[in-house]
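Student: I am new to this structure and would like to know what the terms used for it rest on. Please show it to me, and then I will ask.

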Amino acid sequence: MAEPTALADYLKSCRARLDPRALGYTQERRRTPGLRREEVALRAHISPTWYTWLEQGRGGPPSAEVLERIAQALLLTEVERAHLFLLGLGHPPEVRPRPPSGITPRLQRVLDAMPDSPAMVRTVTWDVVAWNQAAAAVLTDYGALPPSERNVLRMMFLNPHTRAAQFDWHSVARFLVAVFRADVARAGAGAAVQPFVEELGAASPEFAALWRGSDVREFGEGLKRLNHRQLGEIELEYSAFAVDGRPDLAMVVYNPGSPADAQRIRALVAARGA
């Protein structure tokens with residue numbers, strides 16, 4: 001954990017930059033810029049004395065709940081919130097699961113710059129929120145699915161085409177559930193995904209059985225073999241990357257295992273475009 005003065009200085013700087021008028025406070029008789037300490041404490045629903053101690057570098061480390069309230073009171077961005085937790089507790093906050101949403105145009109251009117490599121962006125609950133043309137051709141045409149159906153687990157357990165494309169479906173399914181379990185726990189999203197888990201478990205006894213287990217895995221990187229309906233057998237090397245500023249997202253890239261496979265993917269994408 002950082003020195004108490006580092007947390008105190010950061011809190012004071014964040015408080016000083018807030019505009020009282022924009023937040024409904026009067027500008028009269030303010031000796032310094034920004035909100036008063038008691039105003040931040042009121043917005044954060046904590047004791048003014050306790051907040052004052054934090055800005056004075058005393059009173060011990062705050063709890064994660066208190067830091068969360070202060071982050072909201074100070075209108076911190078995601079990166080500022082993470083920095084606050086690093087200063088206050090010595091570790092970043094838990095990932096907050098979000099409803100599936102799109103990505104920035106810039107990140108979409110990153111995906112599109114890999115014409116031979118299927119690539120997608122997924123949430124911690126494995127909802128696919130973005131993809132490139134190679135992913136649509138080789139993995140799944142996500143654009144043809146309703147947003148609620150663009151979930152990798154849902155497709156793996158309920159979509160017969162996805163199942164048939166796996167060389168060893170049971171091993172892939174077991175691995176995917178173990179990764180999903182670890183991702184959900186790391187994000188503190190257990191309660192948020194429980195309805196989805198119950199729904200998928202009711203529709204797929206195989207998922208329900210695997211979910212009752214305790215295996216956890218890291219996705220990382222590895223090798224994926226597919227039996228594609230048009231390409232036949234194809235081998236892909238996959239790697240996962242964090243999306244800076246969006247701890248709830250990860251980008252997964254599947255690189256062709258050989259130049260010949262890259263050419264086959266390129267030809268398939270071109271044929272779909274035509």
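Student: How do the axes of helix α4 and helix α5 lie to each other, and at what angle do they cross?

Tutor: This is a predicted model, in which local features need pLDDT of at least 70, side-chain atom pairs count only at pLDDT 80 or more, and totals for chains, interfaces and linings use all residues. Residues are numbered from 1 along each chain as its sequence is written, and side-chain values use heavy atoms, with hydrogens and water left out. The axes of α4 (residues 64-73) and α5 (residues 78-89) come within 10 Å and cross at roughly 145°. Axes are lines fitted to C-alpha atoms, for helices over the stretch in contact, and angles run from 0 to 180 degrees between N-to-C directions. Helices (H or I, at least four residues) and strands (E, at least two) are DSSP runs, numbered from the N terminus.

Student: Which residues of α4 and α5 meet?

Tutor: Contact means heavy atoms within 4.5 Å. Ala64, Leu67, Glu68, Ile70 and Ala71 in α4 meet Arg81, Leu84, Phe85, Gly88 and Leu89 in α5.

Student: Why is the pair of Trp126 and Phe219 called edge-to-face?

Tutor: Rings of Phe, Tyr and Trp (its six-membered ring) pair if their centres lie within 6.5 Å; planes under 30 degrees apart count as stacked, over 60 as edge-to-face and the rest as tilted. The structure holds 11 aromatic pairs. For Trp126 and Phe219 the centres are 5.3 Å apart and the planes stand at 70°, so the pair is edge-to-face.

Student: What parts does the pair of Trp126 and Phe219 tie together?

Tutor: Trp126 is in the loop between β1 (119-123) and β2 (128-131), while Phe219 is in the loop between α12 (205-211) and β3 (221-228), so the pair ties together parts 93 residues apart in sequence. Both Trp126 and Phe219 are buried.

Student: What makes Phe180 and Phe196 an edge-to-face pair?

Tutor: Their ring centres are 6.2 Å apart and their planes are at 70°, so this pair is edge-to-face. Phe180 belongs to helix α10 (residues 169-187) and Phe196 to helix α11 (residues 190-203), so parts 16 residues apart in sequence are tied together. Ring pairs also link Phe157, Trp169, Phe180, Phe196, Phe207 and Trp211 into a cluster.

Student: Why are Phe180 and Phe196 called buried?

Tutor: Buried means under 20% relative accessible area, exposed over 50%, and partly exposed in between (1.4 Å probe, protein chains only). Phe180 has a relative accessible area of 0%, so Phe180 is buried. Phe196 has 16%, so Phe196 is buried as well.

Student: Why does Asp261 count as buried?

Tutor: Asp261, in helix α13 (residues 259-273), has 10% relative accessibility and therefore counts as buried. Not counting residues up to four places away in sequence, Asp261 touches Ile234, Glu235 and Pro256.

Student: Why is Cys14 called buried?

Tutor: Cys14, in helix α1 (residues 4-16), has a relative accessible area of 1%, so Cys14 is buried. With residues up to four places away in sequence left out, Cys14 touches Leu74 and Leu76.

Student: What makes the charged end of Arg181 sit over the ring of Trp211?

Tutor: A charge sits over a ring if NZ of Lys or CZ of Arg is within 6 Å of the ring centre and within 35 degrees of the ring normal. The charged end of Arg181 is 5.1 Å from the centre of the Trp211 ring and sits over that ring. Arg122 lies over the face of Phe219, at 5.8 Å from the ring centre.

Student: How do you know that β3 and β4 pair, and in which sense?

Tutor: Two strands pair if DSSP finds at least two bridges between them. β3 and strand β4 (residues 232-243) have 8 bridges and pair in the antiparallel sense. Glu221 stands opposite Ser239 in β4. The two strands β3 and β4 form a hairpin with 3 residues between them.

Student: How many bridges pair β4 with β5?

Tutor: β4 and strand β5 (residues 246-256) pair over 8 bridges, in the antiparallel sense. Ala242 has Ala250 in β5 as its bridge partner. The hairpin of β4 and β5 has 2 residues between the strands, and Gly245 takes a positive phi near 85° there.

Student: What joins β1 to β2?

Tutor: β1 and β2 run antiparallel and are joined by 3 bridges. Met120 stands opposite Trp131 in β2. The strands β1 and β2 form a hairpin with 4 residues between them, and Trp126 in the turn has a positive phi of about 65°.
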